[in-house]
Amino acid sequence: MTGTDPSKATFSATDYAMMARALRLAERGAYTTRPNPMVGCVIAQGDEVVGTGWHEKKGGPHAEVIALQAAGEHARGATAYVTLEPCAHVGSTGPCADALIAAGVSRVVGAMRDPFPQVDGAGFERLRAAGITVETGLMEAQARVMNRGFLSRIERGRPWVRVKLATSLDGRSALASGDSKWISGEPARRDVQKWRARAGALLTGAGTVLIDDPQLTVRLGDETPFVPPVRVVLDPGLATVARGHIREGGAPTLYVHAPDARMPRGVEADHVAVPVHEGKFDLQAVLAMLAERGINEVQVEAGATLAGAFLSAGLVDELLLYVAPVMLGERARPLFDGLQIDAMAERLTLRIVETRRIGTDVRVLLQPEPPASP
């Protein structure tokens, strides 16, 4: 098998077991690898594992190199299972394809091709040119889900967007006053920290900063390493730039403002102008800017107006919803504003990916379905 047509490759139970292990290894880098993808590697002689590795952080050794070092001479004639195509270019480290060739592996099984322009098939081709058997497509769907943020940035030019919201049973996200502390329980609020930790950016609006004064930092409560996500505030007039806990906590903060806004004298902050149309940010431009800064995943934690704007624009890839067993009443605020749905045929349909009990709340992970054909 050369891997040119993964659908025709026949993989054994051992192959599946080894790739599953490589995927579990890759996931260990969920909080630390960005902007790089998560990658795991298993080196095996038959059903015996002789080396494993996973990519921990940008600039550090890649998964293949770590696994090869662990395998030593046992790598010769072995099969390497990798969750993403080995790189073929010189970046922060040398080409992993060359390392596999030098180690003398006889077969490489890859979950998927790397769409990064400097790789994009070149790694697999280099391995084949060296006489190594290359088979691809094993557990590709799982590999793509794991690196959905990286793939979104490379393939679509924008990060993967996840909107996090807490809701009452009657679909309300805050009281009429804007008060939303706390709809969900403490276990749910702890659970959110894990989702924050894997995001490259936590995005909110000026209204949320003024009303809730959030810090928007990751608080895991243990020794788990993570790279602090940048806090992004959409603030057209820079009304919040000199106030709030969003400037504290040891994480970077980026203010996105209208082109005609001016930074207050004496205030220092990272800021960038993005086009505004009819008083509203060009959200596509916001996401493109974040992609250029190496952001793979954006977690939106904002009120109904901004959450609704992302949803209306078709820019929500995932909805992280914590449903609490409480009622807030008809005067409370909805989950989303501005959807403008007048007919049942215009309704937005979402697919439930997962449901899980978190304390007294229920966490529901959903993804919007493509619009139905007329």
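**Salt bridges**

I began with D120 and R113, whose side chains meet in a salt bridge at 3.2 Å, N to O (a side-chain nitrogen of Lys or Arg within 4 Å of a carboxyl oxygen of Asp or Glu). I noted that the model is predicted, that local features need pLDDT of at least 70 and side-chain atom pairs pLDDT 80 or more, while totals for chains, interfaces and linings use all residues. Residues are numbered from 1 along each chain as its sequence is written, and side-chain values use heavy atoms, with hydrogens and water left out.

I then looked up accessibility: D120 is partly exposed at 38%, and R113 is partly exposed at 47% (buried is under 20% relative accessible area, exposed over 50%, partly exposed in between, with a 1.4 Å probe and protein chains only).

Next I looked at R162 and E318, which also form a salt bridge, at 3.2 Å from N to O. R162 belongs to strand 6 (residues 160-167) and E318 to strand 15 (residues 318-323), so this pair ties together parts 156 residues apart in sequence (strands are DSSP runs of E, at least two residues, and helices runs of H or I, at least four, numbered from the N terminus). R162 is buried at 0% relative accessibility, and E318 is buried at 2%. Salt bridges with shared partners join R148, R162, R198, E297 and E318 into one network.

I also recorded R126 and D98, whose closest N and O atoms are 3.0 Å apart in a salt bridge. R126 is in helix 4 (residues 122-129) and D98 in helix 3 (residues 96-103), 28 residues apart.

My search of the whole structure found 19 salt bridges.
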